[in-house]
Amino acid sequence: MEARANTDRHRQRQQKLKEQVDTRVAAATEQKGVLIVFTGNGKGKSTAAFGTATRAVGHGKTVGVAQFIKGQWDNGEYNTLQPLGVEFHIMGTGFTWETQDREADIQAAEAVWQEGRRMLADPRYDLVVLDELTYMLAYHYLDTLDVIAAIVNRPEQQSVIVTGRGCHTQLLELADTVSEVRPVKHAFDSGIQAQAGIDW
């Protein structure tokens with residue numbers, strides 16, 4: 001008897017939940033590209049972006065990537081997605097504390113941004129990933145208003161993903177979806193080396 005009552009209560013809760021979800025699905029009638037931001041101090045922002053890019057490729061979408069900061073090291077997302085037709089433009093200078101050359105970093109960032117801007121203006125791209133872009137704005141390597149204008153004026157059906165810590169407030173306000181990755185624990189803090197296939 002008690003098991004039957006529990007089953008009935010569960011079914012009622014699930015039916016109520018289904019009605020709420022169905023109502024929200026029915027209300028979502030607009031079709032357009034979205035701006036997604038993955039930010040925060042935790043690990044996994046780029047991983048989330050490239051998971052979405054992989055999903056897009058799986059649906060036959062055209063994807064372009066502008067990777068800022070990344071260096072010349074082996075790149076798992078490139079190794080997987082580039083052979084599938086994803087276009088990559090990689091800054092290739094590495095972390096700013098390694099280069100210690102602001103002018104060279106600015107030039108490299110601007111070169112990658114030119115490709116990013118081109119992809120943002122091209123309706124053939126269904127998704128453009130601007131990986132680690134937030135640092136380029138925070139360090140003033142790129143003009144914030146120029147970047148925002150390119151994102152705002154992109155083709156209507158094109159989606160964009162921006163990743164990186166400390167996302168500019170204007171981008172956060174523009175975004176349709178913002179996910180903040182919060183650090184709870186990180187293996188590196190315990191002295192565990194970064195690993196190919198896990199960390200890059």
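1. Start with Ser159, which sits in strand S5. Helices here are DSSP runs of H or I with at least four residues, strands are runs of E with at least two, and both are numbered from the N terminus. Ser159 is buried, at 17% relative accessible area. For the cut-offs: buried is under 20% relative accessible area, exposed is over 50%, and partly exposed falls in between, using a 1.4 Å probe and protein chains only. Setting aside neighbours within four places in sequence, Ser159 is in contact with Gly33, Val34, Asp126, Leu127, Val128 and Arg154, where contact means heavy atoms within 4.5 Å.

2. A word on what you are looking at. This is a predicted model, where local features need pLDDT of at least 70 and side-chain atom pairs count only at pLDDT 80 or more, while totals for chains, interfaces and linings use all residues. Residues are numbered from 1 along each chain as its sequence is written, and side-chain values use heavy atoms, with hydrogens and water left out.

3. Now the overall layout. The chain has 8 helices and 6 strands, in the order α-β-α-β-α-β-α-α-β-α-α-β-α-β along the sequence. Its C-alpha trace spans about 75 × 45 × 35 Å along the principal axes. Of the 200 residues, 38% count as buried. Among contacts with a separation of 6 or more, 73% are between residues 24 or more positions apart.

4. Of the 15 lining residues, Val34, Lys61, Asp126, Gln157 and Ser159 are the closest to its centre. Helix H2 (residues 45-58) gives the most to the lining, with 3 residues. A pocket here is an open set of points on a 1 Å grid over the protein atoms alone, where a 1.4 Å probe fits, with protein on both sides within 12 Å along at least five of seven lines; lining residues have an atom within 4 Å of a point.

5. Which residues of helix H7 (residues 144-152) are buried? They are Thr144, Val147, Ile148, Ala150 and Ile151. These residues lie on the same side of H7 because they cover an arc of only 160 degrees around the axis, taken from the directions from the helix axis to the C-beta atoms. Their cover includes strands S1 (35-39), S4 (127-131) and S5 (159-163), together with helices H5 (102-120), H6 (133-138) and H8 (169-174). At the N-terminal end, Asp143 caps H7, with a side-chain oxygen 3.2 Å from the backbone nitrogen of Leu145.

6. Next, the nonpolar cores, meaning sets of buried Ala, Val, Leu, Ile, Met, Phe, Trp, Tyr and Cys residues joined through side-chain atoms within 4.5 Å. The largest has 31 residues, and those touching the most other members are Phe68, Leu130, Leu133, Met136, Leu142, Val162 and Leu171. S1, H5, S4, H6, H7 and S5 each give two or more residues to this core, and H5 has the largest share, with 7 residues. Apart from this core lies another, of 15 residues, including Ile36, Phe38, Ala49 and Ile161.

7. Glu132, in the loop between S4 and H6, has a positive phi near 65 degrees although it is not glycine. His140, in the loop between H6 and H7, also has a positive phi, near 60 degrees. Glu132 is buried at 13% relative accessible area, whereas His140 counts as exposed at 59%.

8. Phe88 lies in strand S3 (residues 87-90) and counts as buried at 12% relative accessibility. Not counting residues up to four places away in sequence, Phe88 touches Phe50, Val65, Gln67, Glu77, Tyr78, Leu81 and Gln82. Glu180, in strand S6 (residues 177-180), counts as exposed at 66%.

Notes:
A polar contact is a pair of N or O atoms within 3.5 Å; within protein, one must be able to donate a hydrogen and the other to accept it, and residues adjacent in sequence count only if both atoms are side-chain atoms.
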